[in-house]
Amino acid sequence: MRSVRFHEHGGPEVLRYEEDVPVPEPGPDEVLVRVKACALNYLDIWVRRGLPGIPPKLPHIPGSDVAGVVERGAEGFSPGERVVVNPSLSCGRCASCRRGEDPLCEEFHILGEHVDGGYAEFVKVPARNLMRIPEGFSWEEAAAAPLVYQTAWRALITRAGLRPGETVLILGASGGVGTACLQIAKLVGARVFAVAGTEEKLQKLKELGADEVLNHRTVDFGREAWRLTKKRGVDVVVDSIGEATWERSLRALAKDGRLVTYGATSGPTPLTDVRLVFWRQLRIIGTTMGNHHEFTQVMELVWERKLRPVIDRVFPLEEAAKAHRRMEAREHLGKILLAV
Ligand code: ZN
């Protein structure tokens with residue numbers, strides 16, 4: 001089959017387009033999906049560079065977000081059906097899985113991170129991870145949604161408990177999870193401050209519904225958050241940047257505020273002024289991906305067009321390296337996709 005994979009870790013140049021890669025062999029509860037579109041996530045870049053703690057199984061096919069056609073069926077799915085894949089993989093048997101909290105499973109892993117993913121003509125996935133795509137949705141719209149919307153939903157709704165009327169500050173608002181957080185927060189009825197790095201992106205974020213937009217290159221977002229809330233602070237901060245923003249994120253919070261983190265793109269070890277945490281009674285909340293219920297809940301909202309994936313650009317599979325460069329340069333707004 002055609003595929004893009006890497007045989008060694010490194011920069012975008014290690015992504016190799018190949019035409020003679022073996023088609024994966026699905027197990028008893030798995031389905032073989034013919035990939036039509038695969039969305040990029042920042043995770044793909046970490047995986048390509050090499051993640052500590054994840055044993056290198058090379059060559060590796062990245063790609064977590066897949067939409068396509070069932071090629072070989074199992075468990076109620078027939079060949080030819082249009083499906084989107086939930087990339088959260090778990091054992092399905094342990095105590096966490098049984099109470100529906102698969103992201104807490106000891107064996108939790110992600111399609112394209114620990115196992116071969118969707119930068120390919122075919123991918124194998126457990127049948128229980130499939131969801132049918134309704135009429136009227138493109139492959140790109142469907143593939144753009146799963147990872148970022150389940151992450152944003154769990155972060156804001158399940159973990160941070162965002163409520164109508166609250167104020168939320170979103171860092172990295174122009175990224176995939178960022179735009180998903182913005183839409184979900186507006187759907188809930190929250191007031192949204194969106195932070196990004198170019199005027200063009202800020203303009204787009206305004207169009208997407210942000211109440212206030214802040215350019216982190218020209219203003220101190222912490223101080224601005226303080227000013228815009230009349231020195232009260234915001235209720236929730238969504239921070240996936242880590243080291244470069246952590247301290248200001250904490251300072252931007254009101255009493256009883258929540259900082260929810262799902263990434264550390266600028267580095268993993270920021271300083272925390274503990275006095276700020278106890279004096280303002282802050283909560284620091286970690287989150288990653290989503291459980292199956294959160295996935296279906298948020299995808300239903302996508303199918304109802306209450307949430308609309310923001311698509312940046314679509315590249316042909318062969319140009320995966322070019323797509324990675326665009327993402328690494330942070331030129332994109334919303335999702336970059338590969339058409340297979
Ligand atoms: Zn489990």
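Analyst: What follows is about the salt bridges around one arginine, then a few others.

This is a predicted model, in which local features need pLDDT of at least 70 and side-chain atom pairs count only at pLDDT 80 or more, while totals for chains, interfaces and linings use all residues. Residues are numbered from 1 along each chain as its sequence is written, and side-chain values use heavy atoms, with hydrogens and water left out.

A salt bridge is a side-chain nitrogen of Lys or Arg within 4 Å of a carboxyl oxygen of Asp or Glu. By this rule there are 25 salt bridges.

Arg-154 forms a salt bridge with Glu-101, at 3.0 Å from N to O. Arg-154 is in helix α4 (residues 146-159) and Glu-101 is in the loop between α2 (95-98) and β7 (109-110), so the pair ties together parts that are 53 residues apart in sequence. Helices (H or I, at least four residues) and strands (E, at least two) are DSSP runs, numbered from the N terminus.

Arg-154 also forms a salt bridge with Glu-294, where the closest N and O atoms are 3.1 Å apart. Glu-294 belongs to helix α10 (residues 292-303) and Arg-154 to helix α4, so this pair ties together parts 140 residues apart in sequence.

Buried means under 20% relative accessible area, exposed over 50%, and partly exposed in between (1.4 Å probe, protein chains only). Arg-154 is buried at 3%, Glu-294 is buried at 3%, and Glu-101 is buried at 15%.

Lys-186 and Asp-211 form a salt bridge at 2.8 Å, N to O. Lys-186 is partly exposed at 30%, and Asp-211 is partly exposed at 32%.

Finally, a network of salt bridges links Glu-247, Arg-251, Asp-273 and Arg-275.
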